[in-house]
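Thanks for coming, everyone. Let me put the model on the screen, and then we start at the ligand.

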Amino acid sequence: MGFSSLILVSLALAALIATASAGPPYCEASNSTCFPPDTELAAFNKSVDGRLIKNKPYGLPCYKATYNAAACIEIAANKGNASWRVQQPAAVMYPIWENSGGDKGCPVPPLPANGSAPAPLEGNCTLGSVSPYIVNASCVDHIVNTVKVAAKYNLRLRIKNSGHDYFGRSSSQGALTIWTHYMSDTELIEDFKLCGSSQTRPVVSAGPGMDVEQLYAITGKYNYVSPGGYTPTVGVSGGFVLGGGTGPLGSIFGMGVDNVVQFEVVTADGKVKVANGCTNVDLFWALRGGGGAFGVVTRAYFKVYPAFDAVNTFFGQITCPDNASYANLISQMVDLQVPLRDAGQVGIWQAYGKQRAVTIISLHPLRSNATEDPSMAQKLYNPALGANRCNSTSKVAQFTGSSSWNDAYKAFILPIILKNGPVGINIFNLSRLVSYDLMKSKEKLQKVKEFIANLDPDISFLWQNDVGEASTKVAPDATSVHPDWRNAFAFVNIPVVWPWDGNANLGFSKSDRLMWSASKAFDTWTAYSNEDMNFERDFQQSFWGENYPRLIQIKEEVDPDLLFQCPSCVGSEATVRQ
Ligand SMILES: Cc1cc2nc3c(=O)[nH]c(=O)nc-3n(C[C@H](O)[C@H](O)[C@H](O)COP(=O)(O)OP(=O)(O)OC[C@H]3O[C@@H](n4cnc5c(N)ncnc54)[C@H](O)[C@@H]3O)c2cc1C
């Protein structure tokens with residue numbers, strides 16, 4: 001962000017804080033002097049049809065005072081299961097955001113290898129960073145009434161959908177949370193009228209809880225395709241699209257924000273608004289990249305495209321015997337990225353220093369008259385598959401017909417993602433964008449290769465070919481995502497994980513060091529606002545760049561009292577605590 005932009009942001013922020021009649025410090029559930037009394041809570045619960053839940057830690061059965069062996073086995077067995085976690089009112093995907101250090105929280109151990117019950121845990125099992133109250137919303141009125149009560153009492157308000165957030169945005173100590181997961185209806189509308197145009201187009205209309213698996217299923221059913229992510233349980237019309245939305249089809253159709261044509265949203269004044277290219281235009285712009293700081297999305301409308309005729313898939317696994325051969329493999333992989341893209345391949349690859357291994361998911365969606373033998377991918381990947389002294393295995397498949405994308409997703413992508421994308425662990429997940437400029441510079445690519453090959457062996461590395469081509473055709477200020485996305489070829493993640501009962505400081509110090517070395521290697525501090533960490537040096541610049549001043553101005557207009565706040569979100573400078 002330039003100096004003048006910085007001044008603009010500072011002025012806007014000062015105005016935001018000065019004009020706020022409520023906002024921080026928020027009233028938390030433990031404060032009986034400001035929190036709604038029981039009679040009020042009962043009336044509120046009635047207004048949401050009895051769907052207010054008083055949360056309790058799901059790990060209680062694993063602790064000595066409340067031990068129940070059978071229940072503890074079930075929890076320990078499921079703690080790494082995203083489908084189980086999304087259903088728990090008191091869970092998010094990563095326990096670090098349920099626990100707030102010391103004895104605040106209720107961490108659960110993994111299931112012992114022999115399947116027996118974990119031994120009863122000593123210590124206190126508390127709510128930690130989990131919201132004490134959560135409304136399991138099933139209609140827009142429930143959300144309106146929750147927003148109104150939160151505004152009236154100046155409550156700390158949070159929004160939770162699937163709980164996949166990497167920053168702890170969907171949980172907070174003392175908060176009242178709106179839970180949208182079960183508002184997941186989907187409908188295919190063939191003739192949706194685009195605002196400001198006489199034209200119609202097919203769209204998926206989705207409740208805020210629709211996830212990736214549902215998006216692919218409904219589009220496949222009606223002979224369409226629409227860009228979503230990799231992980232089935234990630235909420236497409238929630239955090240995914242609000243923060244950008246990346247996935248395997250991003251270089252073909254653009255990012256999530258490029259494919260949403262309208263939102264319905266409950267704003268801080270408790271009103272239900274439509275935001276699109278003609279109505280509430282600023283809000284529409286802010287919602288396409290600015291995250292969950294502007295209101296609660298209650299419906300989103302996504303473009304769909306004619307289905308592919310076929311999808312070719314490739315899975316590869318390459319393991320090397322020593323550091324030198326592994327470094328050579330990494331070099332081959334980096335050099336392959338441009339030719340692979342030119343050949344229409346999309347997907348991701350992951351490098352594991354400990355095993356000196358690389359795994360690859362590669363896809364080639366095909367349109368009519370573009371036929372290609374699926375074994376073509378093997379030829380393209382040959383330099384890596386045949387890397388000196390390394391062993392490789394690979395397999396290819398082809399899915400045909402109008403539901404080929406959904407079929408490929410279910411049969412090919414899903415099993416690999418479920419095996420390799422663990423949840424229920426402690427994680428910080430650094431990201432950096434890979435620019436087209438970097439891809440053109442041999443010298444810079446050399447630094448990238450060295451960075452990946454020399455990572456601490458315990459740290460894996462993920463290269464996501466989820467943007468480029470189509471996403472670069474969109475103007476840098478057309479949506480509120482960081483303008484650098486419009487010159488991004490790909491992006492990378494470098495996750496740091498630590499044990500269930502380990503200290504977050506360990507994760508912090510490793511990730512903090514990585515942040516500097518990755519920024520140097522990738523020649524940028526720009527990161528994905530949905531996949532990063534709370535301790536970026538300048539999160540406003542890293543996530544939104546030149547678009548941040550306008551985001552702050554819109555925040556001031558639509559949420560002057562800072563009702564919607566979350567860590568590393570727009571306007572969170574003024575609210576600080578997660
Ligand atoms: C295992 C894993 C895989 C992932 N894969 C991908 C991927 O392939 N592509 C990709 O782009 N991202 C991916 N992500 C990142 C993902 O997009 C973000 O974590 C995103 O925030 C998830 O949104 P959610 O609504 O599902 O999660 P939640 O944690 O429930 O929500 C996160 C935040 O989004 C906001 N939010 C959610 N719903 C609403 C709403 N209705 N109205 C207003 N604000 C709302 C709130 O601020 C909320 O706190 C992945 C994350 C994980 C953990």
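So, the ligand site. 31 residues surround the ligand. The closest are N161, S162, G235, T246 and Y528.

Before going on, the ground rules. This is a predicted model, where local features need pLDDT of at least 70 and side-chain atom pairs count only at pLDDT 80 or more, while totals for chains, interfaces and linings use all residues. Residues are numbered from 1 along each chain as its sequence is written, and side-chain values use heavy atoms, with hydrogens and water left out.

Now the polar contacts, meaning pairs of N or O atoms within 3.5 Å; within protein, one must be able to donate a hydrogen and the other to accept it, and residues adjacent in sequence count only if both atoms are side-chain atoms. Take T246. A backbone N or O atom of T246 sits 2.6 Å from a nitrogen atom of the ligand. At V297, a polar backbone atom is 2.8 Å from a ligand nitrogen.

How much of the ligand does the protein bury? Taken alone, the ligand exposes 940 Å², and the protein buries 97% of that. Those areas come from the Shrake-Rupley method with a 1.4 Å probe; for residues, only the protein chains shown count as cover.

Next, who builds the shell. Strand 3 (157-160), helix 7 (236-243) and strand 10 (296-303) each supply at least two residues. Which element gives the most? Helix 7 does, with four residues. Helices (H or I, at least four residues) and strands (E, at least two) are DSSP runs, numbered from the N terminus.

By class, the shell has 12 nonpolar, 15 polar and four charged residues. For the classes, Ala, Val, Leu, Ile, Met, Phe, Trp, Tyr, Cys and Pro are nonpolar; Asp, Glu, Lys and Arg are charged; the others, Gly among them, are polar.

Domain 1 (186-307) and domain 2 (310-542) each give the shell at least three residues. Those bounds come from an automatic or database domain assignment.

An unreviewed record places "domain: FAD-binding PCMH-type" at residues 127-307. UniProt positions are in the numbering used here, feature names are shortened, and annotations may be inferred rather than shown by experiment. Over residues 127-307, the chain is 24% helix and 28% strand. The end C-alpha atoms of that stretch are 46 Å apart.

On to backbone geometry. Most residues other than glycine have a negative phi, and most peptide bonds are trans. We have some exceptions to look at.

First, the cis bond. P24 and P25 are joined by a cis peptide bond, with omega about -5 degrees. P25 sits in the loop between helix 1 (3-19) and helix 2 (38-47).

Then positive phi. D49 is not a glycine, yet its phi is about 55 degrees. D49 lies in the loop between helix 2 and strand 1 (52-54). N154 also has a positive phi, near 55 degrees. N154 is in the loop between helix 5 (140-153) and strand 3.

Are these two buried or exposed? D49 counts as exposed, at 58% relative accessibility. N154 is buried, with a relative accessible area of 16%. Buried means under 20% relative accessible area, exposed over 50%, and partly exposed in between (1.4 Å probe, protein chains only).

Last, some loop positions and C-alpha separations. A65 is in the loop between strand 1 and helix 3 (69-78). A65 counts as exposed, at 81%. A65 and C125 are 60 residues apart along the chain, and their C-alpha atoms are separated by 9.0 Å.

Now G290, in the loop between helix 9 (281-287) and strand 10. G290 is buried, at 2%. G290 and V225 are 65 residues apart along the chain, with 25 Å between their C-alpha atoms.

Finally, P95 and P109. P109 lies in the loop between helix 4 (82-85) and strand 2 (133-136), and P95 lies in the loop between helix 4 and strand 2. P109 is buried at 8%; P95 is buried at 10%. Questions, please.

Terms used
A residue is near a molecule or strand if one of its heavy atoms lies within 4 Å of it.
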